[in-house]
Amino acid sequence: LGVEGYNPDGIQYDRGGGDTTTGAAPAVPGGTAAPAETASTPASALKKVDDCLAKISSYRAGGDGGKCLKILLAYVRNVVDKPTEEKFRAINTENAAYKSKVKPFVGAKSLLLAVGFAPDEDGGKKLLLREDADREVLAQTKERLQEAFAKY
């Protein structure tokens, strides 16, 4: 909280920088992601997913962490269950659900980046699933999201 009460600028958005242990690199101006942003092995990707889930699950006030987990689960479940449908391979970062239930939470965007999503070339208004995204990592992330949501 700021001196005068509620301070929305005080929310710590997950911008991909600052945490050098996760392998995330900050986005390059123009909306492209640096190659180091993706996890190099499925094991490192899943470790990053676990770290992100722990961060998101720690948000207990008002059930905010649970709402975030529910949206992330929907994104990942749709991609795993219907991999050929193009509409599920893109996440609009400008819509209300993403802005209010995903963006404010540290670890949420990092989780999406770890499983294979990357900012688009059009100013980063969407996160697009890369063609080389590991299907096994996506499937295991879906299971872990379901477990985390059930525990929440």
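**View 1. The largest nonpolar core.** The largest nonpolar core of this predicted model holds 33 residues, and Leu72, Tyr75, Leu112, Phe117 and Leu145 have the most contacts inside it. Here a nonpolar core is a set of buried Ala, Val, Leu, Ile, Met, Phe, Trp, Tyr and Cys residues joined through side-chain atoms within 4.5 Å; buried means under 20% relative accessible area, with a 1.4 Å probe and protein chains only. The elements giving two or more residues to this core are α1 (42-57), α2, α4 (108-115), β3 (126-129) and α5. Helix α2 gives the most, with 8 residues. Helices (H or I, at least four residues) and strands (E, at least two) are DSSP runs, numbered from the N terminus.

Two notes apply to every view. Residues are numbered from 1 along each chain as its sequence is written. The model is predicted, so local features need pLDDT of at least 70 and side-chain atom pairs count only at pLDDT 80 or more, while totals for chains, interfaces and linings use all residues; side-chain values use heavy atoms, leaving out hydrogens and water.

**View 2. Helix α2 and its residue Leu72.** Helix α2 spans residues 64-81, and its 18 residues reach 26 Å from first C-alpha to last, close to the 26 Å expected at 1.5 Å a residue (1.5 Å times one less than the number of residues). Its buried residues include Gly65, Cys68, Leu72, Tyr75 and Val79. Leu72 touches Ile56, Val102, Ala108, Leu112 and Leu145, leaving aside residues up to four places away in sequence; contact means heavy atoms within 4.5 Å.

**View 3. Thr141 in helix α5.** Look for Thr141 in helix α5 (residues 135-151). Thr141 counts as buried because its relative accessibility is 0%. Not counting residues up to four places away in sequence, Thr141 touches Leu46, Val49, Val76, Leu111 and Val115. Val76 lies 65 residues from Thr141 in sequence, yet the two are 7.5 Å apart in space, C-alpha to C-alpha. The Thr141 side chain also reaches the backbone oxygen of Val137 at 2.7 Å.

View 4. The open sheet has 3 strands in the order β1-β3-β2, with antiparallel pairing; strands pair if DSSP finds at least two bridges between them. β1 (90-92) and β2 (117-119) stand at the edges with a single partner strand each, so one side of each has no neighbour in the sheet. The twist averages 25° from one strand to the next. β2 and β3 are joined by 3 bridges, and Pro119 has Leu127 in β3 as its bridge partner. Helix α4 packs on the sheet, touching β1, β2 and β3, and its direction makes about 110° with that of β2. Axes are lines fitted to C-alpha atoms, for helices over the stretch in contact, and angles run from 0 to 180 degrees between N-to-C directions.

Technical notes: Buried means under 20% relative accessible area, exposed over 50%, partly exposed in between (1.4 Å probe, protein chains only). A polar contact is a pair of N or O atoms within 3.5 Å; within protein, one must be able to donate a hydrogen and the other to accept it, and residues adjacent in sequence count only if both atoms are side-chain atoms.
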